Amino acid sequence: MESTLIKGMNGGSVVDDDKAGVIGGGVEDVYGEDRASHDQAITPWTLSLASGYTLLRDPRYNKGLAFTEKERDAHYLTGLLPPALFSQDLQEKRLMKILREYQVPLQRYMALMDLQERNEKLFYKLLIDNVEELLPVVYTPTVGEACQKYGSIFRRPQGLFISLKEKGKILEVLKNWPEKSIQVIVVTDGERILGLGDLGCQGMGIPVGKLSLYTALGGVRPSACLPITIDVGTNNKKLLEDDFYIGLRQNRATGEEYAELLEEFMSAVKQNYGEKVLIQFEDFANHNAFELLARYRTTHLVFNDDIQGTASVVLAGLVAALKLVGGTLADHTFLFLGAGEAGTGIAELIALEISKKTNAPLEETRKKIWLVDSKGLIVSSRKESLQHFKKPWAHEHEPVKELLGAVKAIKPTVLIGTSGVGKTFTKEVVEAMASFNEKPLILALSNPTSQSECTAEEAYTWSEGRAIFASGSPFDPVEFNGKVFVPGQANNAYIFPGFGLGLIMSGTIRVHDDMLLAASEALAAQVTEENYAKGLIYPPFTNIRKISAHIAANVAAKAYELGLASHLPRPKDLVKYAESCMYTPLYNSYR
Ligand SMILES: NC(=O)C1=CN([C@@H]2O[C@H](COP(=O)(O)OP(=O)(O)OC[C@H]3O[C@@H](n4cnc5c(N)ncnc54)[C@H](OP(=O)(O)O)[C@@H]3O)[C@@H](O)[C@H]2O)C=CC1
Ligand SMILES: CC(=O)C(=O)O
Ligand SMILES: [Mg+2]
């Protein structure tokens, strides 16, 4: 086969003629490319081939019918495409029409994954321009169903699979990944996928989905994102017996065997990608999650989204909600259903924020926060038998077995669901909240929708329209007594993309709790009077890139303040700098 060298961006054959382009999400396309987020120059596509056939199958550079006549000529594409020329906007219009025709959410998910595999820029343009419509497809709730059925819908592998079989050669496996300049890794071991439990290797849908949000919502370029699933087996009997299961067919490795694999992975990542690669732990079970975070937070740039990202987003919602319910955080009483990663992570950040604001010690500020787990209210008489992360919450109180009893005994102003169990905020629970609160604040955070502690309709109806409600997975607006209530989405997707961008653009080497508070503060500040008027405690996702830029700026500012940032000098205007770092999915022209 005769070789023809085709060069991309750095070969000088790509022209930025989209400089003035504006795409959705409220961020102007300053550079037409995401240059400022590059540590090194972009690797161009340099292919040896006889025709442009390969170019059409390279999702990073393929433009499909948007290749111009000149490009078709220059890149051996003539005849490989039908004659029509489509603009990127027309391509988007066509695809959105097709997507809307699918009745089944999983079909939309599969169509979007196919698009990502076929034409990356178009995929991200769709996602950014139609974020509210497509978020529930690439993310919760549909991604949950996709993970459950991953084996059956599997077409082409996405991300990197590292299994127990690769023990001793993880560095080699990392080197198989085609991209060398990685800035964010989202990694799972699949043991606690949303509220759906152990999905083993099929949890891969989560890192893939989270990273597509890193790009669409936070502007981190796709080539810098690496989804990883660590497969140590699964204890899900149904999957082990499923002919189409794609993972190792064995029970989960635990103890030393698990710890050694993770240690090798963490060392290999640092060796291969350096000190500044962000590793986001996602959907690990809590018996590993807390330990991994504690072990690696002083040696690596690590962030646990379920513990820390969730805490930051919920704190933002609570701070914003004060405008509607009044008082300061310290005036409120919090009750959680669920005392795992999300529950105790949020509780700790609320206590920290109150402590910072009031100068009261943490031990004191924790006392207004109560948690219920599967055995009932966490109280001091249970202390001995509690997991370490629950112990700080074992306050003096008589034992209470059920949530309803706890609600009646504690009389919280804020009720937060982080149990992973649906329908647990019953009519009686919501009515009790509404009986002693003028505006009960109710957050049903568990994902996906099937696991939500209650629906938006239930929260508004049972509280007679008085609840301020937000949920982990989205719900449609609800009409009650002639008034339309718009529920917010309390999901860590508001935080992690901007948070990660802030770390990357400042070259930060460690995550500090104050950065979570900084992210929270930035998000809360983005809620407008118009949002409050609708009862919203989060801004809509439509402007998420603008929001992410503000979060990134606040996080980076904190990193510089703490002396943890390495990109010097510090840019003067961090919001503008964050925006200039963001990847935009507009096509380049090829000479
Ligand atoms: N909206 C968002 O952004 C986020 C939402 N989540 C969601 O939160 C949920 C929990 O996640 P995570 O905290 O990581 O999970 P964990 O497994 O760490 O914690 C679950 C907690 O819920 C408790 N629990 C389970 N069943 C019941 C029950 N019937 N009654 C009372 N308590 C119960 C468990 O009790 P015990 O300890 O006794 O077993 C445990 O304390 C998931 O659905 C997840 O999708 C998570 C992160 C972010
Ligand atoms: C949103 C998320 O991270 C979770 O449900 O696990
Ligand atoms: Mg998660």
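This is a predicted model: local features need pLDDT of at least 70, side-chain atom pairs count only at pLDDT 80 or more; totals for chains, interfaces and linings use all residues.
The magnesium ion (ligand 3) is held by Glu 282, Asp 283 and Asp 306 as protein donors. Elsewhere, helix H5 is largely enclosed by the rest of the structure, and a search of the whole structure turns up 2 cavities of 30 Å³ or more.

**The magnesium site**

- Along the chain, the donors follow the spacing E-D-x22-D.
- Asp 283 sits in the loop between strand E7 (278-281) and helix H13 (286-296) and Asp 306 in helix H14 (residues 305-325), so the pair ties together parts that are 23 residues apart in sequence.
- The UniProt record, an unreviewed entry, carries a "binding site" annotation covering Glu 282, Asp 283 and Asp 306.
- Those annotated residues span 25 residues in sequence, yet no two of their C-alpha atoms are more than 6.8 Å apart, so they gather at one spot.

- Skipping neighbours within four places in sequence, Asp 283 is in contact with Thr 188, Asp 189, Gly 190, Glu 191, Arg 192, Ile 193, Leu 194, Ile 206 and Asp 306.
- Asp 306 is buried too, with a relative accessible area of 5%.
- If you leave out residues up to four places away in sequence, Asp 306 touches Arg 192, Phe 281, Glu 282, Asp 283, Phe 284, Glu 341, Ala 342 and Asn 492.
- Arg 192 turns up in the contacts of Asp 283 and again in those of Asp 306.

- Of the 10 residues in helix H5 (residues 120-129), 9 are buried, so the helix is largely enclosed by the rest of the structure.
- The buried residues of H5 are Glu 120, Lys 121, Leu 122, Phe 123, Tyr 124, Lys 125, Leu 126, Leu 127 and Ile 128.
- The cover over those buried residues includes helix H3 (88-101), helix H4 (105-118), helix H6 (131-138), H10 and helix H23 (544-561).
- Thr 215 lies in helix H10 (residues 205-218), and it is buried with a relative accessible area of 0%.
- With neighbours within four places in sequence set aside, Thr 215 is in contact with Tyr 124, Val 220, Arg 221, Pro 222, Cys 225, Arg 545 and Tyr 583.
- Tyr 124, one of those contacts of Thr 215, is also one of the buried residues of H5.

**The second largest cavity**

- The second largest cavity has a volume of about 30 Å³.
- Its lining is made up of Leu 318, Ala 321, Leu 322, Val 325, Leu 329, His 332, Val 414 and Leu 441.
- By type, the lining of the second largest cavity splits into 7 nonpolar residues, 1 polar and no charged.
- H14 supplies the largest share of that lining, with 4 residues, and H14 is also the helix where Asp 306 is placed.

Terms used
Residues are numbered from 1 along each chain as its sequence is written. Chains are lettered from A and ligands numbered from 1 in the order in which they are written. Side-chain values use heavy atoms; hydrogens and water are left out. Donors are N, O and S atoms within 2.8 Å of the metal (3.2 Å for Na, K and Ca); water is not among the atoms, so sites may look incomplete. Helices (H or I, at least four residues) and strands (E, at least two) are DSSP runs, numbered from the N terminus. Buried means under 20% relative accessible area, exposed over 50%, partly exposed in between (1.4 Å probe, protein chains only). On a 1 Å grid over the protein atoms alone, a cavity is a set of points where a 1.4 Å probe fits but cannot get out, and a pocket is an open set with protein on both sides within 12 Å along at least five of seven lines; lining residues have an atom within 4 Å of a point. Grid points are joined across faces, edges and corners, and a volume is the space filled by probe spheres set on the points. Ala, Val, Leu, Ile, Met, Phe, Trp, Tyr, Cys and Pro count as nonpolar, Asp, Glu, Lys and Arg as charged, and the others, Gly among them, as polar. UniProt positions are given in the numbering used here, feature names are shortened, and annotations may be inferred rather than shown by experiment. Contact means heavy atoms within 4.5 Å.
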